[in-house]
Amino acid sequence: MKDRRMFVFELVRGAAAIAVALAVGTIFIFLSSDEPLNALRYLLIGPLVSMKGGLASFNTQGFYTILAAMIPTIFTGLAVCVMFSSNQFNLAGEGIVMAGGFVAALAGIYIHMNTGWHAVICVLIAAALGGAIMLIPALLKVKLGASEMVTSLMLNYVCMYVVLHFLNYNFADRSKGSTQTYAFADTAKIGALVPGGSKLTWGFVAALVFVVIIGLLMYRTRWGYAIRMIGINQAFSKYSGMKVGGTIVLAQVIGGVLSGIGGGVEVLGRYSTFLWKELPGYGWTGITIAILAKNNPLLVPLAAFFIAYLNKGCQLMATYCDVPSEMIDIIQAAIFLFFAAEQFLSGYRQKIVVKNTRADLAKAAASVEGGAE
Amino acid sequence: MEQNDLVVQMKGITKVYPNGIAANQSVDFSVRQGEIHALMGENGAGKSTLMKMLFGLEQPTEGEIVVNGEKVSLSSPTVAIAHGIGMVHQHFMLVPSLTVAENIVLGMVPKKSGMFIDFKKAIELTKEYSERFNLAVNPDAKVVDIPVGMKQKVEILKALIRGAKILILDEPTAVLTTQETTELFRELIHLKEQGYTIIFISHKLNEIKQITDRLTIMRGGKCMGVYETASITEQEISRLMVGRDVILDVQKDEAQPTDVVLKVRDLHYTNEWNKKMLDGVSFDVRKGEILGIAGVEGNGQRELVDMLFDLSEPDAGTATVNGKDVINASQARIRAMGVSLVPEDRMTYGIAEAATIEENLISDRFEEKRFNNGPLFNMKAIHAESDRLIADYTVLCKSRKQKVKMLSGGNIQKVVVAREFSSDPTLIIADQPTRGIDVGATEFIRKKLVDLSRAGTAVLLVSADLNEVMELSDSLIVLYGGKIAAYFEDTSELDDVVMGEYMLGLKRQSDEEIGRVCHER
């Protein structure tokens, strides 16, 4: 009873945060658009409902597009969940997505294999590189006490410029008009899950498999347990005899591996050459997703879906109406604010607590009287 | 003669904390002008909560507060101080690196030409108040260097200088020796004579009888009544406080100590303020005995325990458990040697608040084979283990999945103790194992400690509760100024006056007498 009330409260709180954020977004839409109602329609239902001649129908292609957009962000969301669970605010996922995508592409171009395993091997190379890169901020933190937030943030740009350097000077296909690599082999491409040219690939299935794997890791293994306990109370974990330094490194390496996979899967699934010239943004989105999911891996797909839906809606709004696409950032920031604000609706929470406690006390008093009689 | 006007009235106060604990339920509390009023109750009865609301640190969920006939809303300590209410906390709120005078004027610093701190004025002010209220302090001394008794006087002066007419003292004698307590009481009576009102929180019966006029007793968050101190006996008070007669002495057979388990030799440690906290401490703890460490807090007990559990490194000295070095070993290694620690700061070291009871119970053993199936946890075994521990240690909870922070202090400590005592330890270090927890849990933990020691575990008990350390220990050492001041092989004929003299540094045994605590060369 009591737990259910608190659970309902958390749901109400989340819904209220989203509602307030959308309200804030609506205000901006009304301020910036001449056709605000039309814009709102695109934002809220556009991604899944297509209008033809006044008839609304479910937009299957739109649905696939949203699912496809979730692929890299599920991986980065999981990565951030693991790292934040250990209380390590590592932000290097962004750079690693790019680096991972790049090496996966190179492996797809320069390794020749005649088997379906080619793509898997490319992604594994990306994963290994991601883990290796994460050793830098992790070891700096554990051995020298350098703030992982600072080092990992800087590392993003190191990753980006190193990738751009090699792309420009060593691996660019000079016959193309823009800077990009040669096309990777067909064997390295990740196959589509549904016919019809959408970007929804087997990567989506892999992402869901990893949701389960990371869920198990965090809640059903000794490593995940240690990661979470260290995140909750490091002094307690050390006193209990856990290997705090090693576990902190492990959490970040896992984060790096997941980010690397995300980059590799995205590049091999969506494109035929590597052509990113700036950070793709999936790492940042992963942070939003992890916060929405409260670091719970099993909630990551939900949060990723929500963000993908919102992104798509804003894109449609910007394409078909006179609302700038930056709107997405405003709405995301507002959601963030209310989700992260611990005190949001705390008065309401306190009322529930008082009510619960009253009920408990009354029950206790009743049982005492009952016993006395 | 007696003035009947009430300076403080708290009516129908209810307080529910965000964790759902109803610390106060419809409590009525009032204090007369110029009296010393005791607020009594066991730990967790809700005394501190009530006083925190009177001092503006917490807001009541329900009820009203009337000060000097005026209904007030005490939204912060600043407001409370403006209404003439001052509080001296159990744990002093002083800046150790500043002088006494600087601490006293903190936040109301006298200025020279509107810009610079007038240190001279601060010292004069301190001296003036110190003389007026007969509270002797040394204005130039750094707070880190002064004894606990003087720190308390500094706290009282701080409140008085800010215009407090009503003083709340939260367990002021808890950290004092017998002699310092006597001195404090003289000063409090002096304040009372000058018209000040004092609210005195305590659960020590003899002290209450000694200096208070009236008393209010609380139990389980409720008010159990208000009495004239002269018209109620200690036995009656005790019954009202705990609802039954307290059994203070612990039943135990005589110890049969055998081999030395913990061997500490010549430990030295100097802290970050360059104060020597441990100065050549040597002792042994044997299998089957409880060795107590008594002493006023801050005389090296915490540092000693930290050394033994690798929470800090000594400057010199050795410590071994069954011949194995513990100074340079990690906590994992120390635990593997069979050492358990009930830490003093249970909220920092003992538990992970936001984790479940189950997760807290397995933190030292989750890597053991019996709890793992290959890479995955064996959840069945883990559930069985936690259910067993919850039952064995009578942890009051809804289920093993409940968050530890939802439990009461006594049950949180039971979670810590359940984990530490159940790992089949060869040595248990129990640091303030019953501080701040209810009588039931206290009795339970004490009994477990005795049982374990009689079953062959070596126990090192560190406690600032004189009663506890004297009742529970088989033998006892007193720490004073980082040195062992006394060793008593048999605790049965000790009395607290003698102990007080050693704890205060008035007396010290000869090196030869102290050396007897090292049973092995």
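A helix here is a DSSP run of H or I with at least four residues, a strand is a DSSP run of E with at least two, and both are numbered from the N terminus. In this predicted model, such elements are named with their chain.

**Chain A**

The domain assignment for chain A gives domain 1, made of residues 2–9 + 347–372, and domain 2, made of residues 70–304. Taken over C-alpha atoms, the centres of domain 1 of chain A and domain 2 of chain A are 45 Å apart.

Helix H11 of chain A covers residues 282–292, and nine of its 11 residues are buried. The buried residues of H11(A) are A:Tyr282, A:Gly283, A:Thr285, A:Gly286, A:Ile287, A:Thr288, A:Ile289, A:Ala290 and A:Leu292. Just after H11(A) comes A:Lys294, whose phi is positive, at about 50°.

**Where chain A touches chain B**

The contact between the chains involves 21 residues of chain A and 25 residues of chain B. On the chain A side, at least two residues each come from helix H7 (202–220), helix H8 (222–232), helix H9 (234–239) and helix H14 (346–372). H14(A) gives the largest share of that side, six residues. Sorted by class, the side of chain A that touches chain B has 10 nonpolar, seven polar and four charged residues.

**Chain B as a whole**

Chain B has 18 helices and 24 strands. Its domain assignment gives domain 1 (6–242) and domain 2 (260–515), and the C-alpha centres of domain 1 of chain B and domain 2 of chain B are 31 Å apart.

How does the radius of gyration of chain B stand against that of a compact globule? A compact globule of 521 residues would have a radius of gyration near 24 Å, and the value for chain B, 24 Å, agrees with this. The C-alpha trace of chain B spans about 70 × 50 × 50 Å along its principal axes. Of the 521 residues in chain B, 46% are buried. Among the contacts in chain B between residues at least 6 apart in sequence, 69% join residues at least 24 apart.

**The four-stranded sheet of chain B**

One open sheet of chain B has four strands in the order E2-E1-E4-E5, with antiparallel pairing. Strand E2 (22–32) and strand E5 (70–72) of chain B each have a single partner strand, so each of these edge strands has one side without a neighbour in the sheet. From one strand to the next, the twist averages 20°. Helix H1 of chain B (residues 47–54) lies across E1, E2 and strand E4 (62–67) of chain B, and runs at about 120° to E1(B).

**The six-stranded sheet of chain B**

Another open sheet of chain B has six strands in the order E6-E9-E10-E3-E11-E12, with mixed pairing. Its edges are strand E6 (85–88) and strand E12 (222–228) of chain B; each has a single partner strand, so one side of each is left without a neighbour in the sheet. Direction ignored, neighbouring strands of this sheet are turned by 20° against each other on average. H1(B) packs on this sheet and touches E3, E6, strand E9 (166–170), E10 and strand E11 (214–219) of chain B; its direction makes about 150° with that of E9(B). Helix H5 of chain B (residues 148–161) lies across E6 and E9 of chain B and runs at about 170° to E6(B).

**Strand pairs in chain B**

| Strand pair | Bridges | Sense |
|---|---|---|
| E1(B) (residues 6–16) and E2(B) | seven bridges | antiparallel |
| E18(B) and E21(B) (residues 427–431) | four bridges | parallel |

**Strand E18 of chain B**

Are the residues of strand E18 (residues 339–342) of chain B buried or exposed? In a regular strand, side chains alternate between the two faces of the sheet. In E18(B), B:Val339 and B:Leu341 point one way, B:Ser340 and B:Val342 point the other way, and all are buried. Within the parallel pairing of E18(B) with E21(B), the bridge partner of B:Val339 is B:Leu427.

Terms used. Residues numbered from 1 in each chain as written. Chains lettered and ligands numbered in written order. Predicted model: local features only at pLDDT ≥ 70, side-chain atom pairs only at ≥ 80, totals over all residues. Domains from an automatic or database assignment. Contact = placed C-beta atoms within 7 Å. Nonpolar A, V, L, I, M, F, W, Y, C, P; charged D, E, K, R; others polar. Buried ≥ 20, exposed ≤ 12 C-beta atoms within 10 Å, placed from the backbone. Rg over C-alpha atoms; globule rule 2.2 N^0.38 Å. Pairing = 2+ DSSP bridges. Axes fitted to C-alpha atoms, helices over the stretch in contact; angles between N-to-C directions.
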